[in-house]
Amino acid sequence: MALRNAVMAALLDGEASGYDLAKSFDASVANFWRATPQQLYRELDRMEREGLVTARVVRQERRPDKRLFSLTETGRSAVRAFVAEPPGRPTTVRDELLVKVQCADIGDVEAVRTAITARVEWAAAKLARYERLRERLLRGRTEDEYYAQAERVGPYLTLLRGMAFERENLRWGETALRVLERRTGTAARAPEHTTPPE
C-alpha cells in the first residue's frame, strides 16, 4: 500500500492541513500506518500535482499561512478503486526487539528486559491515547449506537484493531518479563500500568 492511500483515507474526514494530517496520523492512522511529517508534505505535493487533492491557502496573522488540503473527485475515485482492489499479503513482522529476545539466552538479558519494559510502556501509552480517541468518537454512545448513527464506521473499526494490537503487545511483554525474571532469578522492573480489559 502506498502512503497516498493512507493520506486519502485520512482526508475522507474532511479538509486538513499537513500539520492536521500529521496529528491525525499520530492519533488514528498510526494504528495501521506510520509516516513522518516530511513524508506527508512531500506526498501531499505529489498528490496535488497529480490532481488527487486540491489545496487552498488560509491567511493567518502572526503565523505563516497554511494550506488546507481536500480530496478532489479524482482522489475520491482513486480511493474507491483502492478499496475495490484485493489487499496485499498480510504484513510480516520485522521487529528488532524480537531478534534481541531471540538471542537473550546468550546475550545481555538485563538489556533485553529493559528493552521489553520500554516496549510495554510505549504500548500502554499508545493504548491510553487510543482509549481517549475512542471516547471522543463515541461521545457517550454505546458501540451499537455509534455503528447505527455515525456517518463513517471505518475509523472506529481500525481504531479497535490498533487497540487490540497494543493490548497484545502488553500481554506479550508482561509474559516475556515474567519468564526472563524466572530464568535470571532477579526481579524485573514492573511496567507502570495494568493491562486494560478487553
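This is a guided tour of a predicted model of one protein chain, taken selection by selection.

**Whole chain**

Start with the entire protein chain in cartoon view. It holds 198 residues, and 32% of them are buried. Coloured by secondary structure, the protein chain shows eight helices and three strands. Read from the N terminus, the order of elements is α-β-α-α-β-β-α-α-α-α-α. Switch to a surface view: the accessible surface of the protein chain is about 13000 Å², and carbon and sulfur atoms contribute 53% of that.

Next, select residues 16-17, 53-58 and 66-71, which are strand 1, strand 2 and strand 3. The three strands form an open sheet in the order 1-3-2, and the pairing is antiparallel. Which strands stand at the edges? Strand 1 and strand 2 do; each has a single partner strand, so one side of each lacks a neighbour in the sheet.

Zoom in on the pairing of strand 1 with strand 3. These two strands are joined in the antiparallel sense over two bridges. To find one end of a bridge, pick Ala-16; the bridge partner of Ala-16 in strand 3 is Phe-69.

**Two arginines with positive phi**

Stay with the sheet and move to the loop between strand 2 and strand 3, where Arg-62 lies. Phi of Arg-62 is near 60°, a positive value. As background, most residues other than glycine have a negative phi. Is Arg-62 buried or exposed? With a relative accessible area of 84%, Arg-62 is exposed, the cut-off for that class being over 50%.

Now select Arg-139, in the loop between helix 6 (109-138) and helix 7 (143-149). Here too phi is positive in a residue other than glycine, with a value near 45° for Arg-139. The relative accessible area of Arg-139 is 64%, so Arg-139 is exposed.

Tyr-146 is buried, at 4% relative accessible area. Tyr-156 is buried as well, at 0%. Tyr-147 counts as partly exposed, at 32% relative accessibility.

**Helix 1 against helix 3**

For the last stop, select residues 3-11 (helix 1) and 37-49 (helix 3). How do the axes of helix 1 and helix 3 cross? They come within 10 Å and cross at roughly 85°. Helix 1 and helix 3 are therefore roughly perpendicular to each other, a class that covers 65 to 115 degrees.

Show the side chains where these helices meet. From helix 1, select Leu-3, Arg-4, Val-7 and Met-8. Facing them in helix 3 are contact residues Gln-39, Leu-40, Glu-43, Leu-44, Arg-46 and Met-47.

Note on methods: Residues are numbered from 1 along each chain as its sequence is written. This is a predicted model: local features need pLDDT of at least 70, side-chain atom pairs count only at pLDDT 80 or more; totals for chains, interfaces and linings use all residues. Side-chain values use heavy atoms; hydrogens and water are left out. Helices (H or I, at least four residues) and strands (E, at least two) are DSSP runs, numbered from the N terminus. Buried means under 20% relative accessible area, exposed over 50%, partly exposed in between (1.4 Å probe, protein chains only). Accessible areas come from the Shrake-Rupley method with a 1.4 Å probe; for residues, only the protein chains shown count as cover. Two strands pair if DSSP finds at least two bridges between them. Axes are lines fitted to C-alpha atoms, for helices over the stretch in contact, and angles run from 0 to 180 degrees between N-to-C directions. Angles under 35 degrees count as roughly parallel, over 145 as roughly antiparallel, 65 to 115 as roughly perpendicular and the rest as oblique. Contact means heavy atoms within 4.5 Å.
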